[in-house]
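Take a first walk through this model.

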Amino acid sequence: MYPLIETIAVQNGALQNLPCHQQRYRRALADYYPNRAAQELDLATIEVPNAFRHGLVRCRLDYNAEQQQVRFFPYQRRTIRTFRPLVCDHIDYHLKYSDRTLLDQLYAQRGDCDEILIIKNGLVTDCSIGNLVLLQNGIWYTPELPLLYGTQRAKLLAENKIRLRNISAQHLADYEEIRLINALNPL
């Protein structure tokens, strides 16, 4: 019913990074429904219920060309210290799909690691829940070809806080630190 999703951070009742979310939402509708006019929601009109106006909250927008469903959930950050690299050359997650079957299957292969690091065509892409940034000599880099062009990634690139780079899986040891970023996990 809702093939696409958008996840927005809500901090103390305020929706975060709306311009990047609105832009990705608009692009996803145009890409997924190229021959249909879509009913686009102005994300700034989303009302945050009183019960979710304190602390960090996850807003999930499920949508198709005609309808949207907005829900709110308390958010607890996961601690991620270890990544297991996994090769998957056939993965396509260029839109934020509600069907995460392949991502969930890959995540299930993490073993005793906290998260996975998805390698596609020899290059580092993303993890199961966000984009990646890797530290080398005081500079944070993000893969030039991620699976999903994330909103936090777009914001950090616009602010010149991270740089683009093709990151070969065989050169992972050249980096001092890996972090995940997403709407709810800034750098």
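Is Phe72 buried or exposed? Phe72 is buried, at a relative accessible area of 12%. Buried means under 20% relative accessible area, exposed means over 50%, and partly exposed lies in between (1.4 Å probe, protein chains only).

Some ground rules come next. This is a predicted model, where local features need pLDDT of at least 70, side-chain atom pairs count only at pLDDT 80 or more, and totals for chains, interfaces and linings use all residues. Residues are numbered from 1 along each chain as its sequence is written, and side-chain values use heavy atoms, with hydrogens and water left out.

Start with strand E1 (residues 4-11). Seven of its eight residues are buried. Helices (H or I, at least four residues) and strands (E, at least two) are DSSP runs, numbered from the N terminus. Two strands pair if DSSP finds at least two bridges between them. E1 pairs with E3 in the antiparallel sense, over eight bridges. Ala9 stands opposite Arg58 in E3. E1 also pairs with strand E2 (residues 14-15), again antiparallel, over two bridges. There, Val10 has Leu15 as its bridge partner. E1 and E2 form a hairpin with two residues between them. Asn12, in the turn, has a positive phi of about 50°.

Now the rings. The structure holds six aromatic pairs. Rings of Phe, Tyr and Trp (its six-membered ring) pair if their centres lie within 6.5 Å; planes under 30 degrees apart count as stacked, over 60 as edge-to-face and the rest as tilted. Phe52 and Phe72 are stacked, at 5.8 Å centre to centre and 25° between the planes. Phe52 lies in the loop between helix H1 (18-32) and strand E3 (56-63), and Phe72 in strand E4 (residues 68-74), so the pair ties together parts that are 20 residues apart in sequence. Tyr32, Tyr33, Tyr93 and Tyr97 form one aromatic cluster.
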